[in-house]
Amino acid sequence: YSLRMPADAYFSHATAALLWGIPLPPFTMRDARLDISVTAPSRAPHARGIRGHSLDLGADQIVELHGLRVTSPPRTWCDLASVVGIHDLVAAGDFVIKQVSPLASRRELAVTAATFFKRRGVTLLRQALPLLSTRSESHPESVLRVILHLAGLPAPTVNHVIVDTESGGVMRTDLAFIEFR
């Protein structure tokens, strides 16, 4: 579709997330349509095989990735709030701000999310931001952390290193409640 896409159009939402490598839940793949956006006030594109959007965003939120125009990682994460639930939004955010080769910083996500007032998903963005972790290394790990949080448990330490004092062996737990051993 990029060959016939209008010059002012770009990939967004789940399509942009896939292009960035951001993990998404399987249900997002059931709909094979591409998310194509234009900047408001332009009208959303309509064609078979696409899901059109008209977005209010700044020029800095559109970048080039592998020769394709896509929304920036922070904007893509914010757009996902209208597509996925809290568990998957946190997992996507954890991937974006991960310690090794992050796509963006937590601050960049917060700044972009702050522009989302009165938009679909804004409440979810506000809930997800404080739950993000740079230390998370997998989608299931992030989802479990959110489940524990929503159940009222204290925040666990992510990927905690434990040293066996007898053997000197080093182990790492996905999640640990250090204060409770």
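The points below describe the fold, helix packing and selected local features of a predicted model.

1. Overall architecture. The protein chain comprises six helices and seven strands. Read from the N terminus, its elements follow the order β-α-β-β-β-β-α-α-α-α-α-β-β. Along the principal axes, the C-alpha atoms of the chain occupy a box of roughly 65 × 30 × 30 Å.

2. Packing of α2 against α3. Two packed helices are described by the angle between their axes and the distance between the axes. For α2 and α3, the axes come within 10 Å and the crossing angle is roughly 175°. Angles over 145 degrees count as roughly antiparallel, and α2 and α3 are therefore roughly antiparallel to each other. On the α2 side the contact is formed by Pro73, Trp77 and Leu80, and on the α3 side by Leu89, Ala92, Gly93 and Val96.

3. Packing of α2 against α4. Helix α2, spanning residues 73-80, also packs with helix α4, residues 106-114; the angle is about 55° and the axes lie 9 Å apart. The two helices are therefore oblique to each other, and α2 passes α4 in a right-handed crossing. The residues of α2 involved are Pro74, Arg75, Trp77 and Cys78, which meet Glu108, Leu109, Thr112 and Ala113 of α4.

4. Packing of α3 against α6. Helix α3 (residues 86-96) packs with helix α6 (residues 139-150) at an angle of about 130°, and 8 Å separates their axes. That angle makes α3 oblique to α6. The crossing of this pair is right-handed. From α3, the residues in contact are Ile86, His87, Asp88, Val90, Ala91 and Asp94. Their partners in α6 are His139, Ser142, Val143, Arg145, Val146, Ile147 and Leu150.

5. Salt bridges. The structure contains six salt bridges. One of them is formed by the side chains of aspartate 31 and arginine 51, with an N to O distance of 2.4 Å. This pair links distant parts of the chain, its members being 20 residues apart. Aspartate 31 belongs to the loop between α1 (13-20) and β2 (34-39), while arginine 51 is placed in strand β3 (residues 50-55).

6. Backbone geometry. Which residues are joined by a cis peptide bond? The bond lies between alanine 40 and proline 41, with omega of about 15°. Proline 41 is located in the loop between β2 and β3. A further backbone feature concerns histidine 66, a residue other than glycine whose phi is positive, near 55°. Histidine 66 is situated in the loop between β4 (62-65) and β5 (68-71).

7. Nonpolar surface. Which residues make the nonpolar surface patch of about 260 Å²? The patch is made by Val161, Val163 and Val170. Of these residues, valine 163 is found in strand β6, which spans residues 157-163.

Key:
Residues numbered from 1 in each chain as written. Predicted model: local features only at pLDDT ≥ 70, side-chain atom pairs only at ≥ 80, totals over all residues. Heavy atoms only, no water. Patch = residues over 30% accessible without salt bridge, like charges linked within 9 Å, V, L, I, M, F, W, Y side chains within 5 Å. Areas by Shrake-Rupley, 256 points an atom, 1.4 Å probe, with all protein chains shown as cover. Salt bridge = Lys/Arg side-chain N within 4 Å of Asp/Glu carboxyl O. Helix = DSSP H or I, 4+ residues; strand = E, 2+ residues; numbered from the N terminus. Axes fitted to C-alpha atoms, helices over the stretch in contact; angles between N-to-C directions. Parallel < 35°, antiparallel > 145°, perpendicular 65-115°, else oblique. Left-handed = near helix turned anticlockwise from the far one by under 90°. Contact = heavy atoms within 4.5 Å.
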